[in-house]
Each structure stands twice: as structure tokens, then as C-alpha cells.
Amino acid sequence: MAGRGKLIAVIGDEDTCTGFLLGGIGELNKNRKPNFLVVEKETSIAEIEETFKSFLSRSDIGIILINQFIAEMIRHAIDQHMESIPAVLEIPSKEHPYDASKDSILRRAKGMFSAEDFR
Amino acid sequence: MGPSEKEACVLLDTRLLAFMDQLEILEEKRERLNSLIEQGWFSMTKARYSMGNKQVSALQYGSEMQPLVRVHTSTLDNGKAEFQIERTAPGERTVEDIGPKDTGGLRRRTHFTEEVVKAEGYQGYQPSAGTEAEKEPLPSSKVEPDLQQDPIRWFGILVPQTLRQAQVSFRQVVELSAEVAALQSAVLTTREQLQLQMKLKRRSQNEGQKEGQKDSD
């Protein structure tokens, strides 16, 4: 495998971030910028969106994991992202189980069978 | 139905079956991913129960972090992205690192002059042994921050087994998330190919109808 691999970023509640950091994905770069965002009650939607966009613009990030209930808050930003890298994965959170019908990718795939496509 | 239209239909059916298969695999992997995450949380909660309510929190994250997992990405010609996980082992601290640092203080005299040896009749002296001892590198006393530390150390040295179980679950989740990401990309690529194929089929159908009309005229 040539070159240095990319990072996995997380936007999630405390337990989700703690779990993934335990798994070894955490990084604080030279500018002390983390590759994760712990979303708390006080965290604003603007801050979440800004972090998500900054992760998308970083070339050293390969996968972005995001709790589905947080993804719902910034759905427009997620739907705008069409590139395959970084990949955006919606994951469940403790209070909100995963709902496939809300997932951006699966909704796009489901759109395949809409009336529009058969016209 | 002309031969070209028939071919297009067969190709469309094949793509559609591949698309369905990919969706099925994606659903299976998703289910596994979600159950592993739940397992991880459950173990983490059990660890918190034995360690204390305020333990295993964001306040205990390390001040320095280096990733132990990286993902190698590549895009194939058909636009499909591939993700491959690479894991590095956390840096283990050695006994020398933990113990008191020897900053060059002489512990044992290694220089024996020929005169001293002759005068005292020292039996064990071997000139070559002395020079080898001099060349032998001392354990490095340079203090390097242990950046690639196992994240489990943030939460204590003697952590409960359940926290280790949580770590194992989340490591598996990380591996699986790369597979899910690759599958998502494959699903979207196949979808695009299917849409293209449908357009081609419709075009050939229209051309066939026009030709049929000309023949009847």
C-alpha cells in the first residue's frame, strides 16, 4: 500500500465519539484540529454544518461517520455531497435507532425506481 | 424487438440483478455494523457502571492523539471507490522508558590502564572487552512523547475487561465501516450505469418504432 492512508472522522454524541476514539481513529493535527466533533445539547446546527463542511474539504479524510439524528439536522448539506470520497456513513445513536428510509445513499438508490426513471 | 434492443434488455436485467445483490449485501453489513455499535455501547456502559458514573467521558480524552487506523482510498475507472483499512499497533513503552533515566553517570569503571592491571595482577581484564563496552550504545535517554498511545490508557491503567470489549467492538465497527463505504459507492455507481442503460434502451426503442413507421408507409 503506497502512501499514507486517510483518516476516519466522526460527528456524534459523546458515547459514539468515545467508542470510535477507543477504536483508534482520533487525531489532533499540528494545528490541534481534531477529526471528531462531540455534539452536545449546546452545540449549534451551524457549528455542526461548519465542521461537516470542513471535514469534506480536508483531503486527509476518507470516511465521515455521523449519527443519523445529527445528519437529519444538516440533511441539505449531506444531500449536496455527491463525491464518493470522503464517504459519508450514517450510523445509529443511543436514543435514535438507524432508519434506512432516512439514509441519503439509500434514498438515492431508491430513487432508481421512481416513476421519473421509467418515463 | 430487434437484436440490439434484446441485448440492451439482457444487459439491463443483469445490471438490475447486480444492483439488487449489492443492496442486499449492504443491508446485511449495515445490520452487523449497527449491532456491533450497540454491543460497543453496552460494554462501555458496563465499564462505566464499575468505574463510576463520570468515567469514560470526553473529559478524559488524551491531549495528544495520533490515529492508529488509516483508510487507503482509490477510485476505479468506473467511478467506484475502494476503501482499505490499515491499522498500526500502539507504541509500547519499554521498561527502560518507564524507569529512571540514566543521563550518562558512570556506573562501572570500564577503563583499565595496562599499568594498573600489571601492578594489581587483575585476572579478569580483557582489553577487547573494555573497548566493546565503550562502543555499546546506552539506552536512549531522549524523552519522546508517547503519541501512539493505546486510547484505552486515557481512561486508566487498570481498566475493566468490559472497556476492552467495547474497544474490540469499535475496532470491528471501523473495519466494517470501510466495507460499507465501498458498498455504498458500488451501489451508486451501479445505479448510474442502470440509468444510462435505461436511456439507451429507450433510444433504441424509439428508433425501432420510427423504422417500423417508415416501413409501413
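Two strands count as paired if DSSP finds at least two bridges between them, and in this predicted model strands E1(B) and E2(B) form a hairpin with 5 residues between them. The contact between the two chains takes 50 residues from chain A and 61 residues from chain B, and the area buried between chain A and chain B is about 4600 Å². Chain A also holds an open sheet of 4 strands, on which a helix of chain B packs.

**The hairpin of chain B**

- Strand E1 (residues 69-75) and strand E2 (residues 81-87) of chain B run antiparallel and are joined by 7 bridges, one of the pairings being that of B:Val69 with its bridge partner B:Arg87 in E2(B).
- In the turn of this hairpin, B:Gly79 has a positive phi of about 95°.

**The sheet of chain A**

- The strands of the open sheet in chain A follow the order E2-E1-E3-E4 with parallel pairing, and the twist averages 20° from one strand to the next.
- Because E2 and E4 of chain A stand at the edges, each with a single partner strand, one side of each is left without a neighbour in the sheet.
- Strands E3(A) and E4(A) pair in the parallel sense over 5 bridges, and A:Leu65 stands opposite A:Leu89 in E4(A).

**Helices on the sheet**

- Helix H1(A) lies across E1, E2, E3 and E4 of chain A, and its direction runs at about 160° to E1(A).
- From the partner chain, helix H5 (residues 161-216) of chain B packs on the sheet and touches E1, E3 and E4 of chain A, its direction making about 120° with that of E4(A).

**The interface of chain A and chain B**

- Of the area buried between chain A and chain B, carbon and sulfur atoms give 67%.
- Across the interface there are 3 salt bridges, including one in which the side chains of B:Glu64 and A:Arg32 meet at 3.5 Å, N to O.
- The interface also has 16 residue pairs in polar contact, counted with both residues at pLDDT 80 or more.
- On the side of chain A that touches chain B, at least two residues each are supplied by several elements, among them strand E1 (7-12), strand E3 (61-67), strand E4 (87-91) and helix H5 (104-110) of chain A, while the largest share, 9 residues, comes from H1(A).
- The residues of that side of chain A divide into 27 nonpolar, 11 polar and 12 charged.

Definitions and conventions: Residues numbered from 1 in each chain as written. Chains lettered and ligands numbered in written order. Predicted model: local features only at pLDDT ≥ 70, side-chain atom pairs only at ≥ 80, totals over all residues. Heavy atoms only, no water. Contact = heavy atoms within 4.5 Å. Buried area = accessible area lost by both parts, 1.4 Å probe. Salt bridge = Lys/Arg side-chain N within 4 Å of Asp/Glu carboxyl O. Polar contact = N/O pair within 3.5 Å; in protein donor to acceptor, adjacent residues only side chain to side chain. Nonpolar A, V, L, I, M, F, W, Y, C, P; charged D, E, K, R; others polar. Axes fitted to C-alpha atoms, helices over the stretch in contact; angles between N-to-C directions.
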